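Trainee: I would like to learn how to read a structure like this one. Please show it and take me through the features.

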Amino acid sequence: MLRYHDVDHTPSRLRALTSLEPAEFAALVPMFDACFLDRMQNYTIEGLPRLNRRYTPYKNSPLPPTEDKLLFILVQMKQHLTQEVHGQLFGMIQSDAHTWLQLLRPVLLRALEQLDVV
């Protein structure tokens with residue numbers, strides 16, 4: 001499974017996967033995390049409005065740290081892999097990859113807008 005800690009010490013590998021330098025990736029993480037948490041306060045992982053329960057990260061998340069979530073969406077945006085291959089790369093089935101992609105695309109867009117780089 002591909003994880004951020006596997007590529008954080010190899011700038012050329014991170015650049016090949018995401019087109020970002022390590023400093024650029026690191027600068028994006030806090031805003032991405034804030035946008036992710038904001039989205040999760042209002043919506044479920046499936047994109048439905050959150051009505052009763054507040055968001056708490058679940059223990060068996062396939063993408064636990066924020067860096068892994070950001071790497072997941074950036075790799076998809078650059079590489080344009082099929083969801084089946086992308087899921088395999090990150091250790092999940094295609095339907096889970098689809099769910100995470102649908103969740104993280106608007107989060108990334110919002111983070112980039114907040115940083116005024118879109």
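Mentor: Start with two side chains: Tyr4 is buried, and Phe25 is buried too. Buried means under 20% relative accessible area, exposed means over 50%, and partly exposed lies in between (1.4 Å probe, protein chains only). This is a predicted model, in which local features need pLDDT of at least 70 and side-chain atom pairs count only at pLDDT 80 or more, while totals for chains, interfaces and linings use all residues. Residues are numbered from 1 along each chain as its sequence is written, and side-chain values use heavy atoms, with hydrogens and water left out.

Trainee: How many aromatic pairs does the structure hold?

Mentor: Rings of Phe, Tyr and Trp (its six-membered ring) pair if their centres lie within 6.5 Å; planes under 30 degrees apart count as stacked, over 60 as edge-to-face and the rest as tilted. The structure holds three aromatic pairs. One of them is stacked, because the rings of Tyr4 and Phe25 have centres 4.7 Å apart and planes at 5 degrees. Tyr4 lies in helix H1 (residues 4-7) and Phe25 in helix H3, 21 residues apart, so this pair links distant parts of the chain.

Mentor: Phe72 and Phe90 make an edge-to-face pair, with 5.0 Å centre to centre and 80 degrees between the planes. Phe72 belongs to helix H4 and Phe90 to the loop between H5 and H6, 18 residues apart. Phe72 is buried at a relative accessible area of 0%, and Phe90 also counts as buried at 0%.

Trainee: How many helices and strands does the chain have?

Mentor: Helices (H or I, at least four residues) and strands (E, at least two) are DSSP runs, numbered from the N terminus. The chain has six helices and zero strands.

Trainee: What span does H6 reach, and where does H6 bend?

Mentor: The expected span of a helix is 1.5 Å times one less than its number of residues. Helix H6 (residues 94-114) has 21 residues and reaches 30 Å from first C-alpha to last, close to the 30 Å expected. A bend is the angle between axes fitted to the seven residues ending at a residue and the seven starting there. H6 bends by about 25 degrees at Leu104, and Pro106 follows within four residues.

Trainee: Which residues of H6 are buried?

Mentor: Among them are Trp100, Leu104 and Val107. The cover over the buried residues of H6 includes helix H3 (22-42), helix H4 (66-79) and helix H5 (83-89).

Methods. Contact = heavy atoms within 4.5 Å.
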